[in-house]
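Here is a short briefing on how two chains meet. Start with the strands, then turn to the contact.

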Amino acid sequence: MILAKTGNEALAYAMKQINPDVVAAYPITPSTEIVQIFAQYVSDGKVDSEFVAVESEHSAMSACIGSAASGCRTMTATASQGLALMHEMLFIAGGLRLPIVVPIASRSLSSPLNIHGDHSDSLASRDSGWMQFFCESVQEGYDTLIQCVKIAERASLPAICAVDGFILSHCMERIETFDDEPVREFLGPYKPSWNLLDYKKPILVGPATMQDYYFEFKRSQIEGMNQALPIIEAVQEEFKQKFGRGYGIIEEYGTEDAEAVVLLMGSACGTMREAVDAMRNQGKKVGMVKLRVFRPLPHKLLKETLAKFKTVAVMDRADAVNSYGGPLFTETTSVLYDLPQRPKVLSYVYGLGGKEFSLADAATVLEQAHAGKKEDLVTYVGVR
Amino acid sequence: MARLKDLCKNPELFSSGHRACAGCGEALAVRQILLAAPQPVVGIMPTGCTEIFSSIYPHSAWQIPMIHTAFETAASTASGVVAAYNFHKRMGNIKDDVKFIAFAGDGGTYDIGFQAISGAFERRHKFLYVCTDNEGYMNTGIQRSSATPYGAHTTTSPAGEVIPGKTMPRKDLMEIIIAHNPAYAGQTTIALWNDLVTKVGKALAADGPSFLNVLVPCPLGWQHPGNLTIEMSKLAADTCFWPIYEWENGKYKINYEPKEKKPVEEFMKPQGRFSHLFKGDKGKAIIAEAQRQIDAQWALLHKRQEAFGA
């Protein structure tokens with residue numbers, strides 16, 4: 001069915017179709033609507049879910065962990081300070097290998113307070129053992145959230161599905177939705193390999209470990225993240241077979257003969273596509289590489305993809321405040337380091353706190369990438 | 001009224017061989033509570049002494065399902081577990097009636113986990129929250145909590161040349177919990193085992209969130225010999241330092257009236273954490289103030305029993 005939905009409405013609608021067993025959530029701008037629309041689905045009997053309106057995001061994630069450990073398909077939704085408040089519990093969900101799925105309307109972090117879109121929240125959580133998907137459009141957000149549930153359960157890893165706050169969360173788009181039944185068929189029932197509530201076979205979840213076991217647990221978790229990439233590919237393919245829309249871990253645009261590309265994530269990819277078209281019409285060989293999956297970092301694929309180009313301009317919608325560019329920039333340079341012939345890599349930080357990223361900004365970045373040089377290592381796009 | 005003859009026939013659900021200190025009151029509380037709890041029961045615990053001494057991988061002292069997440073999360077994790085149970089029950093995946101008990105220390109309850117317990121009780125999740133209260137952060141090496149009593153020495157309320165230990169009385173957690181209108185709330189201690197197991201039965205039969213505040217002496221933090229744990233627990237009740245009472249359906253009931261209310265010195269004297277108070281006049285004044293607080297609290301509790309009693 002074709003519907004007009006904002007990002008939040010589409011994500012809440014996907015949640016309705018996923019019909020999770022338990023949702024424990026706390027509202028925060030710009031993801032509040034996901035929670036309130038879902039609460040209405042619960043009150044109207046449209047879903048089977050237990051809804052727990054917790055008193056904070058910390059408790060939201062703790063309750064999600066309790067629920068997921070008790071054999072329930074479990075979701076929440078959050079953003080920004082909410083994800084930051086969950087931070088401690090994100091690591092515990094990751095360490096326990098619980099497939100909790102969280103749609104996020106990405107937003108900046110205080111201070112100063114700002115409610116608008118950037119990637120500071122998810123990227124600050126990058127080391128917590130969660131898969132992270134960044135979506136370009138409302139349609140992609142809807143599709144990806146459904147995929148995430150299947151990927152998370154198959155990989156035994158939690159997943160964040162991020163749409164840019166306001167830019168997508170509050171932007172109405174024409175989207176193609178599926179019927180409930182095919183979505184539920186696609187996901188199938190949740191069959192965890194263990195369940196706290198299996199009281200006839202009591203288990204201890206979340207033990208303490210000493211020097212003799214901690215590292216082994218973490219190594220096994222890392223291996224789980226390694227093994228998630230083929231799972232993501234497989235689920236993307238299954239999704240394409242069933243619903244007809246295909247996605248890649250990395251997607252290229254206008255790169256067939258390109259010498260310079262821009263690497264980026266999220267809604268700015270849409271702007272960049274237009275800028276790429278305009279430049280290519282002028283005969284400049286530029287393109288775009290969209291990274292859809294930030295965790296697990298598809299390092300081999302990223303290296304193979306970027307090795308073909310002379311220049312890669314990396315755009316971060318977050319800054320690590322480390323004086324050396326954003327997270328995607330440092331990870332990209334590290335991925336490319338052992339290539340015998342490395343592309344030139346340029347760093348751009350853009351759009352913090354929802355600062356508009358215009359076509360003109362995109363064109364400037366593409367021009368500099370095309371020229372293969374700029375004065376400063378890190379450029380802050382559009383800062384007054 | 002439970003009988004030891006019957007209780008000792010129940011399966012031990014908290015195994016021996018765990019790593020608690022000799023004379024640990026908390027381990028005794030967990031064991032007594034699980035002896036009295038109807039099965040099946042599922043446990044939730046935050047980070048703390050109990051978690052550390054019961055669950056170091058690859059060992060576990062728990063014969064029941066148990067989950068540990070973080071320090072401030074006993075009640076919030078329990079909320080998720082109970083929500084999951086409600087889902088499974090509604091869907092027919094689970095047929096039996098399962099009970100849920102969260103075991104948390106005073107750090108995880110009075111302080112860092114305080115918001116979570118308030119939220120969970122407001123949402124009416126049906127589980128028993130047990131605070132095994134040893135009056136300090138003993139797991140990290142005896143720091144003060146808001147359950148630490150007036151005058152006690154801890155490593156963060158040290159008795160010094162100028163400041164004589166903790167200068168504030170403890171938080172009245174029972175009253176705060178009662179303000180949440182729980183399905184049941186009781187306060188007791190391990191020496192009064194029959195009172196404890198009776199309260200466990202009531203709390204688990206109640207339809208909603210229930211709470212037990214169980215005083216558990218800590219030989220390490222209180223600085224008394226490990227063989228005096230039960231004696232300290234008994235003295236806490238006999239001095240009315242730790243009133244034994246319950247709140248049920250809006251009514252207060254004092255469950256233990258000492259035949260002779262002993263002076264608080266008798267409770268304090270054997271404990272190293274109060275030893276600085278037994279040197280000089282300044283200490284005497286603090287003990288007198290502690291006694292005044294205890295008498296006032298005991299009188300207030302009687303007034304509450306009269307006003308809101310049976």
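**A sheet across two chains**

β9(A) pairs with strand β2 (residues 66-68) of chain B in the parallel sense, over two bridges. The model is predicted. Within this pairing, Val205(A) has Ile67(B) of β2(B) as its bridge partner.

**The sheet**
- Nine strands make up an open sheet with mixed pairing.
- Their order is β9(A)-β2(B)-β1(B)-β3(B)-β4(B)-β6(B)-β5(B)-β7(B)-β8(B).
- The edges are β9 of chain A and β8 (251-254) of chain B, each of which pairs on one side only.
- Strands of a sheet pair through backbone hydrogen bonds, in a parallel or an antiparallel sense.

**A pairing inside chain B**
- Strand β5 (residues 184-189) of chain B runs parallel to strand β6 (residues 210-215) of chain B, and six bridges link the pair.
- Gln187(B) stands opposite Asn213(B), which belongs to β6(B).

**The contact between the chains**
- Chain A gives 35 residues to the contact, and chain B gives 36 residues.
- On the side of chain A that touches chain B, at least two residues come from each of β2 (22-25), β3 (50-53), α3 (57-69), α4 (80-95) and β9 (204-205) of chain A.
- α3(A) provides the largest share of that side, eight residues.
- By class, the side of chain A that touches chain B holds 22 nonpolar, nine polar and four charged residues.

Key
Residues are numbered from 1 along each chain as its sequence is written. Chains are lettered from A and ligands numbered from 1 in the order in which they are written. This is a predicted model: local features need pLDDT of at least 70, side-chain atom pairs count only at pLDDT 80 or more; totals for chains, interfaces and linings use all residues. Two residues are in contact if their C-beta atoms, placed from the backbone, lie within 7 Å. Helices (H or I, at least four residues) and strands (E, at least two) are DSSP runs, numbered from the N terminus. Ala, Val, Leu, Ile, Met, Phe, Trp, Tyr, Cys and Pro count as nonpolar, Asp, Glu, Lys and Arg as charged, and the others, Gly among them, as polar. Two strands pair if DSSP finds at least two bridges between them.
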